[in-house]
Amino acid sequence: MTRMIVSFAPHIRERVTTSRIMLDVIIALCPAFIAAVLIFGPRAALVTGVCVASCVFFEWAYQKLLKKTITVGDFSAVITGMLLAFNLPVGIPLWQAIFGSGVAIILVKQLFGGIGKNFANPAITARIVMFISFPAAMATWAPIPVDAISSATPLELIQRGDLAALPGMWDMFIGTRMGSLGETSALALLIGGIYLLARRVITWHIPVAFIGTVFVLTALLGIQPTFQLFAGGLLLGAIFMATDYPTSPQTRTGRIIFGIGCGVLTVIIRAWGAYPEGVSFAILFMNVLVPFINKLTMTKPLGGIKKKP
Amino acid sequence: MEFRTLIIIMMSAALVNNFVLIQFLGICPFLGVSKQLKSATGMSIAVIFVMLLATAVTWPITIFLLQPNGIGFLQTIVFVLTIAALVQLVEITLKRFMPALYSVLGVYLPLMATNCAILAVVLLNINNEHSFVESLVNSLGAGLGFLLAMVIFSGIQEHLENADPPACMRGLPIALFSVAILSLAFFGFTGVVENLFG
Amino acid sequence: MAPHRKHTAGCTPLAIPVPAEVHIPMSMHSGAPANLIVGVGDSVTVGQLIGEAATRVCSPVHASVSGQIKRIDTYDPLTGAPAVSVRIASDGEQTLWEGLTPSPVTNLAEFLAAVQASGVVGLGGAGYPTAPKLTLKEGTKLDYILINGAECEPYITSDTRTMVDHTADVWAGALLLKEYLGPKNVVICIENNKPEAIQKLEALCAGVQGMRVHVLPSLYPQGERKVLVYNVTGRIVPEGARLTDVGCIVINCTTVAVIAQYIRTGLPLVSRCVTVDGSAVKHPQNVIAPIGTPIRNLFEFCGGLKDDVKKIILGGPMMGAAVPSLDVPVVKVTSAILALSGRDAEAPTPSACIKCGRCVAQCPMNLMPSFIEDAFERKKVELLRTHKVNLCVECGCCAYLCPSKRPLAQVMTLSKKLLWGE
Amino acid sequence: MSKLSIFMKGIIKENPVLVFALGICPALAVSSQAVNAVGMGLATTFVLLCTNTVISLLRKVIPDKVRIPCYIVLTAAFVTITQLIVKAYVHPLYLALGIFLPLITVNCIIMARAEIFAKKNRLFDSVIDALGMGLGFTLALLAIASIREIFGNGTWFGIELPVLAEHNISIFMLAPGGFIAFGILVAIANKVSNGRAAKLKESGCARCPAATACGKGGAA
C-alpha cells in the first residue's frame, strides 16, 4: 500500500512562489533597462551586468562560506543588482559598482539573515554609501564629460537656479536627460509599474501616496510640480524601491503613511537640503521607521477587544 | 540673538550633527539600554533633564567663577563633580517629591554620572562660546537628538531580535551595523537646517 | 480566493452497497464521548441506540447497519487517541429498529428533546452537538437564525446536494426553528455558485414573512461562523463571546434537514452524503454512506484510486485532516473525502518569509500571521496575546496564499496552544 | 596570577574595548586617523597608570562608601594634567582630539579597572594591570583606526599606500564607517575567542562602575 503523506492543512497552495514574484519584478524592470541602454549606450548594459553578477556572486559566496542554504535561485539578488545599477551614473568605475553590490548584499541583507530579515533597502543603502564615499564619480552623469552645463541633472540645474538649461517636458518623459541609468525614462518606469500592479506584486498605496505627496508639496512650494515628478529618482524610488517587501509596512494604512513620509522627506531635502536628490535618504529614513509604523497600524482583529495593558 | 539662530542651533544639534550617530557621544548607554521602547524613552528623558540642568549650573560657574580668576583649566574637574552632585541631588528630590517621575527616570539617573554625552554637551557649550540661552537650546537639541536616535534604535533592536546574523555577529556587532545604517539615514539632513531656517 | 473545483455539484448522491463491517467511534462530536450500552455479540438493527449521551454537551450514537457487534476497540480510528469505538459486522438486511416512531413536536422542550435524540451534530465540520447549541439561556434576544448553505471549501458539494435534493426537509427544519426558537428572521445563506439551490429555496421563501435567501459572493471562507454573521448581519462577535450574545445562531443546512427528517420519520443520523473527489479518484461523485463505513469502500464505489495517489484527506483541502490509511471510517462530520495525487499532494518546502503582507491582507479575522509567526518563533507569549492569535479560526487562507509556502496555519494553531498552555 | 598574565590579559583575553565594549565613545570618535588613535591611547594609558597607582596606594585609606567620588576626582585631576601636557607639547594632537581628551574622565575603563583591580591589589600588580589595559585599549583603537584610514583614506599614519590611495572609500572616515569598522573588529574578537567574548560581555555589566547603582541589566 503506498505510504500516504500526512501533512497539516491546507493541502492545496496557490501557484505563486517567491521566485515567480521576483521574476515579475525583473520583467517590470526590463523596459527601464532597455531605455537605459538606448539613452546611455552599451556601457549601461555593462554596469548593470557587473552589478547583477557581483550581487549574485556575493550572495552565493556568503551562503557557501557560512554553509547556509543557497537562495540565489529566488532572483532577489538579481533584482538588488539591477536596482543598484539603475541608481548609478553610467560612467561609474566598475570597482565602485562591485563595492556597492558588496555593501548591498552582504552588509545590508545577508548579515541580518538573508531575504526578509533586513530592515533597510539594500539597493538604496548601497547607493547612499556610494554617494557619500565617491562624491565625484557619482556626480559625473555623462560618460565622456561634455561641457559642465549639459552634464548636470535637472535637479542640480534647479538647485543652481539656471532654469533655462532645463530639458523640455517631452525629454523628461521619454528620458533623454542626464541622470542615473534607470531613473531617466519615466515612460519605461510607468510601464513597469503598471505591469507590477496588474500582477498584484505591489499595491498602489506606496507609489500613489509617495508621488502624490511630492506633487502636492512641490505645488504648494511652487517649484514646478509636474517637472519634479519626472526629475530625479522619484518614479524609480516610488515604484520599485519603496515597495520592497521586507522594508515597507505590511498593512494598507501603514503603506500610505510610509508613502506620505517618503514624499515629505524627499521634498524637504530637494527644497532645502545640501544634496539635490532626496529620494534615497527619504526611503532609508522611512525604512528605519517601519517597525514603528507596523506597530502603529496593527490591523484591528474582527471582534478583538482593546484590553488596557 | 533672534529666534532664528536658536532654532538653527537646536535643529543642527538634534539632526545634522546628532550626538550619538554623527559625533559618537553617549554610545555606551545608547547600545545598552535601548532594548525596549519604555527603557529607551525613560533613559532619553533622563538625559534631556540632566543635560539642561547641568548646562544651567555649569555655564554660570565657568563664566563668573572660573574664567575671571584664570583657573579655567579646572573646568574638567568642576564639571564632572557638579554633574555627579547634580545627579545625586536630582535623584533624592525626585524620589521625595515626584515618585511617579522617579519610577520612570530614577533607574537611569546614576548612569548619567558616567555618561559621555552630558559632559560633552557642557564642554561644547563652553568651547563654542555660546551665550547662556544658546547653550541651553544646544543641550535641548542634543537631548532631543539623543531621544530621536534612542527611540528609532529601540524599534530596530526589536526588529533585530527576529534577524539571525552569523554566530560571531550576534549581539553587539549586528547592533553596530544597524547603527551604521541609521547614521547613514541622518546624513540626508545635511544642509536642510541652514537653508530652511537660515 | 481558493479555486472552487466543484466538479461533483451536478451528480445526485448514490447509496453505496452496505459495507461488510462498520467502525463507529463513540466520540464523533466535540464534547464528552457517549457511553456504550451494548456488548460484544449483541445484535443491533439500523437506528438502534448503541451509545447514550453522557453529559449535557454530548450526542447519542446509533447503529448504522443491522448485524452483530464484533469487537469493542479502545482507540479512536481517526486520531488513534485512546477512546471507545465499536465494530459491527453487518448482515446486509439493514432491518430498521422496530422502535423507530416519528415523534410529533408541539413545544420547544419536545423539539429540543427530539433534536438531542436524533443524534445530530454540527455537520458543517465543527461537530458541536446541536441540541445544547439551540437551548438558549433565559432572555437571550434571538434576532437571526442563519442557515449556513455557504459551503465555501473547494471540492465539497454534499450541502449543495442536500439543498437541491431535500429542499422540503431543509424548509421544514427552517420552519420548525422559526416556530420554536422565535427568531426575528431566518436567513438561508447560499453562495452564488449554487444557482439551482438558490432558485429552489427562493421559490419556497416567496411571501413568507421573516424568511429570506441571502445570496453571498462565493469567496472562501464565507461559511465560517463569525465571517457569515458579519457578512449577513454586519454584527461583530466580540472576543470571548458566543454568537448568541449578538443574537445570532448559525446552523448548517444539512443539520436542519436531518432534524426535519428525524421528526418526520423517526430515523436518527445513521448515514450521510459524502463528496468523493480529488485528482487521484477515477470517477468523482457524491455518495450516501452509513456512518462508520471505511473510506476504502467509498473509493472503490467511485472506481478506485489512481496508482499515483499520495494523500488522503478527510474533509476539505483547506481545513481537512490528512489520514494515513484507507481504513479510517466516515463519521458524522465527514462531508468529503479527497484523494490527491503526485504534485499537489507534496508538502512544499518553505523558504524564508519575505514579509510581502499577502497573509495580512487576506486574513478574514484581520490578524497579522507574519508577525504572529515571528513572535511564535521567539516564543513571545505577550506579543501573541496582543496580536490576538486566539481569534484565529484556522481557515488556512494565510498558508494557502504564502508565496514562500510557509506553514502559517500550523504556526497559528501551535501559537494558540502555546497561549492556552500559559 | 603571574605578572605576565595580568599584562597579557588586558591585551587579548579581556581587551576592554573589543571584549567588554567599554570606552566605545573615544574608540569610535578619534579613530579616523591612526596617529590620533595612538595619541588618544597613550593619553588614556597615562591617566589609567596614574589613577591605578594612586588608588592602589590609598586603597586602605579611601572609605568604601565614598570611593566613587574619590575615583572621579582623581581621574579628573590626572586628565587635566594630561590635557595641559598635550596642549603644551603635542598641540596638533590636542586640536585633533578636541573634547575627547577631557572626556577620558568619564571613560568607563578607568573606573572599571579602579573598581575591579586597583582597589584590591598591590601597587606593582596595579601598575602592570594599568599598562596591560592601556596597551589593549591603544591596540584596539589602532586596529579600528587603521581599518578606517587604510580603506577610507588610502594612507596609514599619513604614508600614502600604493594601490589604495586612488581607490579610497571615504565613508570609512565618517561616522557610519566607524561603526562598521568597530563592528567588524568585535565580530573578529568573538570569532577568535569563539563565543567566550560574548559571554564575558554579559558579565561585563558587573564590571561597569554604574552597575551597582544602576541595578538594571544591559548597561554595559
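**Figure 1. Domain division of chain C.** Chain C is split into domain 1 (13–100 + 270–342), domain 2 (108–265) and domain 3 (358–421), with bounds taken from an automatic or database domain assignment. The model is predicted: local features need pLDDT of at least 70, side-chain atom pairs count only at pLDDT 80 or more, and totals for chains, interfaces and linings use all residues. Residues are numbered from 1 along each chain as its sequence is written, while chains are lettered from A and ligands numbered from 1 in the order in which they are written.

**Figure 2. Contact between domain 1 and domain 2 of chain C.** A distance of 24 Å separates the C-alpha centres of domain 1 of chain C and domain 2 of chain C. To their contact, domain 1 of chain C contributes 29 residues and domain 2 of chain C contributes 20 residues; residues are in contact if their C-beta atoms, placed from the backbone, lie within 7 Å.

**Figure 3. The side of domain 1 of chain C that touches domain 2 of chain C.** At least two residues of this side come from each of β6 (61–62), β13 (271–277) and β17 (336–341) of chain C; strands are DSSP runs of E with at least two residues, numbered from the N terminus. β13(C) supplies the largest share, four residues. By class, this side of domain 1 of chain C holds 15 nonpolar, eleven polar and three charged residues; Ala, Val, Leu, Ile, Met, Phe, Trp, Tyr, Cys and Pro count as nonpolar, Asp, Glu, Lys and Arg as charged, and the others, Gly among them, as polar.

**Figure 4. An open four-stranded sheet in chain C.** The strands follow the order β2-β8-β7-β4 (chain C) with antiparallel pairing, where a pair requires at least two DSSP bridges. β2 (21–25) and β4 (43–44) of chain C are the edge strands, each having a single partner strand, so one side of each lacks a neighbour in the sheet. β4(C) is joined by two bridges to the antiparallel strand β7 (residues 67–75) of chain C, and C:Ser43 lies opposite C:Gln68 in β7(C).

Key. Contact = placed C-beta atoms within 7 Å.
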